[in-house]
Amino acid sequence: MNYDVIVIGSGVVGSALAHSVAREGLSVAVLDAKSEPPNSYRHLSINKKSRQFLEQIEVWQNIKNSAFPYDQIKVWDQEGTGFIDFDATEAGLSNLGYIVREGDIQKALIDSFKKSDIQAFWDHSLEGINITDDRIICETNKESFEGKIIIGSDGVNSQVRNLSKISSRSWSYNQTAIVANFESSAKDNCIRQTFTSIGPLALLPMNSKEMTMIWSIDDEYAYKFLAMTDLEFTSEVKKYFGEHIEDLKLSSKRQNFPLHHLSAKTFAKNRVFLVGDSAHHIHPLAGLGLNAGIGDVDCLSELIKSNGLDQINKITSSYNRSRIPVNLGLAASMEAFKRGFGQKNIWVRLLRNSAFNIANELTPLKKKFMKLATEL
Ligand SMILES: Cc1cc2nc3c(=O)[nH]c(=O)nc-3n(C[C@H](O)[C@H](O)[C@H](O)COP(=O)(O)OP(=O)(O)OC[C@H]3O[C@@H](n4cnc5c(N)ncnc54)[C@H](O)[C@@H]3O)c2cc1C
């Protein structure tokens, strides 16, 4: 089977790329190892720039009714006196972003495949790649596909990256994120995150009655927390969160994600393009991983649109030039936050807390943080 673009991986990033380039008239196949379309019940924050891109490709209208806007972010440190907050009104915005169920974005994108004539192949796992002068051949567990380019949107353990021999740097954060939803009576539109002694704990509003929690916990404690009863776990969340939260009641299973960093050494070569987690995987403490992936999609689809697939070399070099530095900068910021807040040394903690408070007072620095959070 012959296509212009073969997309491996139908997560939000791959599906958005498929839809965006198919709208330009290219023939697209999306292959996924899953036996049916994904429908994740995880909730994620998406920023202003991602929302604008989803609007531009005309899928936001099918997501916005279930998306919950947040207009404030408050971050503080339990051990010191550091505090910083971001407010939409300060930035002249109506909100800073939305909390969305990942499955709702996946569904809106996959539903749009029919409109843009994208062919989806479930239960197709990539097993081999052969590159000739002008084509690329993908072998799966079922059949072969031929295309002009291949998109690796197959997540952090990308086969596209491995089979095309793109090397990467990776290391473990030695933390596991525990994700769970709670019923709660908190009635504002604020994301709250506190840096506890065992890792950052964030509560994100999903609607006026529920919150989703992401707690990245040092591995030595994470397994203990996973083994607790629901009541014991809820009481630990309340204790570590430190602020009075009324009526916190666990309303979902606890999911866990081992956390590590990964950066591919190049994002594109020889007709192969990596987007999203296959190219870069960061700590979730700022909720920016998916936003960075949508940024890749926006950039790559714009390059394909303006150059056409005959100019592969130009697209390859421009894509690497624009996305590698952005993502390396983001990874460095996450690393600084993670290491800074993981410090047990009192002097480092004092310095860090002063920096936090100064940042909260100095508007230009806050504006920089705000830009990173909303416009990455
Ligand atoms: C706890 C946690 C909280 C997070 N919160 C946020 C947040 O609030 N905001 C945010 O922006 N980011 C957040 N992130 C990051 C975000 O979840 C990821 O960056 C994003 O989901 C990556 O999407 P993707 O489409 O690149 O990959 P994935 O969603 O991993 O999709 C990969 C797809 O490829 C398929 N696949 C894999 N291998 C093969 C193969 N060999 N052949 C065919 N198909 C294959 C898989 O089946 C899957 O469907 C969070 C991450 C974690 C761990």
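**Helix packing, sheet and ligand shell in a predicted model**

In this predicted model, the residue of β7 that forms a bridge with P69 is Y98.

Reader: Why are β3 and β4 (68-70) said to stand at the edges?

Author: The open sheet has three strands in the order β3-β7-β4, with antiparallel pairing. β3 and β4 each have a single partner strand, so one side of each lacks a neighbour in the sheet. From one strand to the next, the twist averages 30 degrees.

Reader: Why are α1 and α7 called roughly parallel?

Author: Their axes cross at roughly 20 degrees and come within 9 Å. Angles under 35 degrees count as roughly parallel, and α1 and α7 are therefore described in that way. The crossing is right-handed. Among the residues making the contact are V13, A16 and L17 of α1 and I294, V297 and L300 of α7.

Reader: What is the make-up of the contact of α1 with α7 by class?

Author: This contact has ten nonpolar residues, three polar residues and no charged residues.

Reader: Which residues come nearest to the ligand, and which element gives the largest share of the shell?

Author: Of the 33 residues around the ligand, G9, G11, G155, G276 and G289 come nearest. Elements giving two or more residues to the shell include α1 (12-22) and α7 (289-307); α7 provides the largest share, four residues.

Methods. Residues numbered from 1 in each chain as written. Predicted model: local features only at pLDDT ≥ 70, side-chain atom pairs only at ≥ 80, totals over all residues. Near = placed C-beta within 6 Å. Axes fitted to C-alpha atoms, helices over the stretch in contact; angles between N-to-C directions. Parallel < 35°, antiparallel > 145°, perpendicular 65-115°, else oblique. Left-handed = near helix turned anticlockwise from the far one by under 90°. Contact = placed C-beta atoms within 7 Å. Nonpolar A, V, L, I, M, F, W, Y, C, P; charged D, E, K, R; others polar. Pairing = 2+ DSSP bridges.
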